[in-house]
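Biologist: I would like to go through this model with you, one region at a time. Could we begin with a single residue and widen the view from there?

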Amino acid sequence: MAVILRKLFTRPFLIAALICIFVFYSGLFSFKQKNPAVFIFPDNKINLISGKITSSPVKCASGTFYSCNFILTSCGCAEGAGTLGCSGGTGGTGGIACSAGGPPGAARGTARGQITLYIPSELTEALFPGHLYSSAYTSKDGTDQNRAESRKSHLFESGLKASFSGSYKEGSFFADSCIKSFWETSIQGHLSHLRALCRLAFKRMLYAWGHAGGLLLALLSGARDFTENSTANAFKSAGLSHILALSGMHMSLFSGIALFAGKRAGSIRLSYFLRFLVIILFLWFAGMSPSLFRAFLCASLAILASMSGVPGLSTFDLLTLAFLLQSAICPSHIHNPGFLLSYGALAGITLFSSLVYKVFVRFTPHQVSSSLSASLSAQSLTAPVSLKLFGSFCPIGIAATMIISPLVTFFIYAGLTLIILSMIFPILLTPSGIFMNFLYTIIKYLVMFFARFPYINIQH
C-alpha cells in the first residue's frame, strides 16, 4: 500500500485530475452557469437578438432546425412590452441602445451572455448544394419579399455577426428570419469568413458523391448535413457513435500524413512543424468539439514533449494534463458526453490495453489481439458512462469497432486521395464517386448488421 501511495504522489497531474473529477462529478458541489444570458427586457418579450455565432450550426435530430452557440450584444422586444426589467441574472445591462434592424417601433436595448440559437433549416441550407431554389427567399405566405436584405442568403458559420427575429425561451432563441449578417473586417473576421467559404466549397464538392460524400463530409468536418438518417442511427445502435464523432482517430490520420512527409524530407524538426501545423488547420476547419479539442491537446503535448525531450512523461500523464488544461480552458465541456466518452475511452486503453492484450495474444493472432484489447479496454470505462448518460450500452460495439474502424480509416484515406486526384483531373470525379459509394455500401450494411444485435437498457 505504501509503495502504491508513493508512486501515486510522484504523479502530480494524476492527483490534480482525480481531485477535479471528484469536484466535477460527485454532485457535492454546485457551479454557476458561465456567461448566462442577461436582457434589459423580460424574457417573454424578446423577439429580436443581435450578436455573434461562435460555433458551426449542427442539424438537430428533427431536421427542422440547426443549433449553434450565440454571444449576445443587443436585443429587442415587441412594442408595448411593459415595464423594463433585467432577466436571466442580477444587475442591469445599461440603458436602452439602438441596434440595427428589427421591426419598426420595437424597443431595442443591450444584452449580454451566451445562448443556444436555433436557425430554421430552410435558412441555413439556402446556400448548400441541392438547394438552389430555397423557400428562404420567400415570406411565410409565399409572396416575394421586395427588400434586398430579406432576399439575401446568409452563410451561417462561426464568426458571423447577425441579427435574428423570433422568440426566446429558457436560454434558447428560435429564429424565424435573419434580418442582417456581416463578417468583421478584422484579421479574425477574414479568417472566419475564409473558413466558412472553405466548408461550403467542401460540402459542394462532396455533394456530387451522394451518400458516400455525406459520410465523408461528417468524418472530415463534423457536418452531418447530407448523412443518411438511417446510417447515422445504425452507427448509434451498433455502439459506433465514436467513429462518426471527430476525435483522435481522425486527427491522428492527418498527423500521420504530416509525419510521413517530414520523414521523407529527412528532417525531424520539419516533421514536428508539419504535424503541429496540420492538427491546427484541422481543428480550425472542423471546429472545436470537445472530443476533437481533447485530441488536439494530447497531440500537441506529445509533440512538445518529444521536441523538448522531457523524460518520464507517459501517455497517461499527457492525458491527465490534457484533461486539466481542457477543464480550465473550456469548462463548458466538462459535462459534455463527447468529453466524458473521449477521455474515458483513451484512459481505458492506456490503463488496461497491455494487460488485456497479454490475455488474448495467447490464443489469437497479434493484429486481432491488438484490436480486441484496444476496443475492450476503451469500453471498460465508456460503458459505465453510457449507462449513466443514456441508460443503454451496446456490447456488440466491441466487435463492431474491430471491423468497422479499419474500413472507415481506409474510406477516409481513399476519399482524401480521390478528392485531390479529382481536383487535378476533373474527369475522375464520377468514377471516384462510384468507387466511394461502393465502399460506403459495404460499411453501411455491416453497420446495419451490427445494429440488429440487442443492447443493455436500464431505463424504466
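This is a predicted model: local features need pLDDT of at least 70, side-chain atom pairs count only at pLDDT 80 or more; totals for chains, interfaces and linings use all residues.

Biologist: Is Ile398 buried or exposed?

Modeller: Ile398 has a relative accessible area of 17%. It is buried, because the cut-off for that class is under 20%.

Biologist: Which residues does Ile398 contact, leaving aside its neighbours within four places in sequence?

Modeller: Ile398 is in contact with Leu372, Ser375, Leu376 and Gln379. As for Ala378, its C-alpha is 8.7 Å from that of Ile398, and the two residues are 20 apart in sequence.

Biologist: What about Ser422, where is that?

Modeller: Ser422 is in helix α14, which covers residues 397-424. With a relative accessibility of 9%, Ser422 counts as buried.

Biologist: What does the side chain of Ser422 reach?

Modeller: It reaches the backbone oxygen of Leu418, at 2.7 Å. Not counting residues up to four places away in sequence, Ser422 also touches Trp209, Leu428, Leu429 and Ser432.

Biologist: Let us turn to helix packing. How do the axes of α12 and α13 cross?

Modeller: Helix α12 (residues 337-360) and helix α13 (residues 366-390) have axes that come within 6 Å and cross at roughly 140°. The two helices are therefore oblique to each other. Angles have to be over 145 degrees to count as roughly antiparallel. The crossing of α12 and α13 is right-handed.

Biologist: And what is the contact of α12 with α13 made of, by class?

Modeller: The contact of α12 with α13 has 18 nonpolar and eleven polar residues, and no charged residues.

Biologist: What is the arrangement of α5 and α15?

Modeller: Their axes come within 8 Å and cross at roughly 75°, with α15 covering residues 429-451. The helices α5 and α15 are therefore roughly perpendicular to each other.

Biologist: Which residues meet there, between α5 and α15?

Modeller: From α5, the residues are His211, Ala212, Leu215 and Leu216, and they meet Met436, Asn437 and Tyr440 in α15. By class, five residues in this contact are nonpolar, two are polar and none is charged.

Biologist: Which side chain makes a polar contact with that of Tyr440?

Modeller: The side chain of Glu228 does, at 2.4 Å. Glu228 is placed in the loop between α5 (210-221) and α6 (229-237). Leaving aside neighbours within four places in sequence, Glu228 is in contact with His211, Tyr440 and Lys444.

Biologist: Is Glu228 buried or exposed?

Modeller: Glu228 counts as buried, at 17% relative accessibility.

Biologist: Now a change of topic, to backbone geometry. What is phi of Glu170?

Modeller: Phi of Glu170 is near 50°, which is a positive value in a residue other than glycine. Most residues other than glycine have a negative phi. Glu170 is found in the loop between β7 (161-169) and β8 (172-182), and counts as exposed at 73% relative accessibility.

Biologist: Finally, the whole chain. How many helices and strands are there?

Modeller: The chain has 15 helices and ten strands. It consists of 460 residues, of which 43% count as buried.

Biologist: And among contacts between residues at least 6 apart in sequence, what share join residues at least 24 apart?

Modeller: The share is 71%.

Methods
Residues are numbered from 1 along each chain as its sequence is written. Side-chain values use heavy atoms; hydrogens and water are left out. Helices (H or I, at least four residues) and strands (E, at least two) are DSSP runs, numbered from the N terminus. Buried means under 20% relative accessible area, exposed over 50%, partly exposed in between (1.4 Å probe, protein chains only). A polar contact is a pair of N or O atoms within 3.5 Å; within protein, one must be able to donate a hydrogen and the other to accept it, and residues adjacent in sequence count only if both atoms are side-chain atoms. Contact means heavy atoms within 4.5 Å. Axes are lines fitted to C-alpha atoms, for helices over the stretch in contact, and angles run from 0 to 180 degrees between N-to-C directions. Angles under 35 degrees count as roughly parallel, over 145 as roughly antiparallel, 65 to 115 as roughly perpendicular and the rest as oblique. A crossing is left-handed if the near helix is turned anticlockwise from the far one by less than a right angle, and right-handed if clockwise. Ala, Val, Leu, Ile, Met, Phe, Trp, Tyr, Cys and Pro count as nonpolar, Asp, Glu, Lys and Arg as charged, and the others, Gly among them, as polar.
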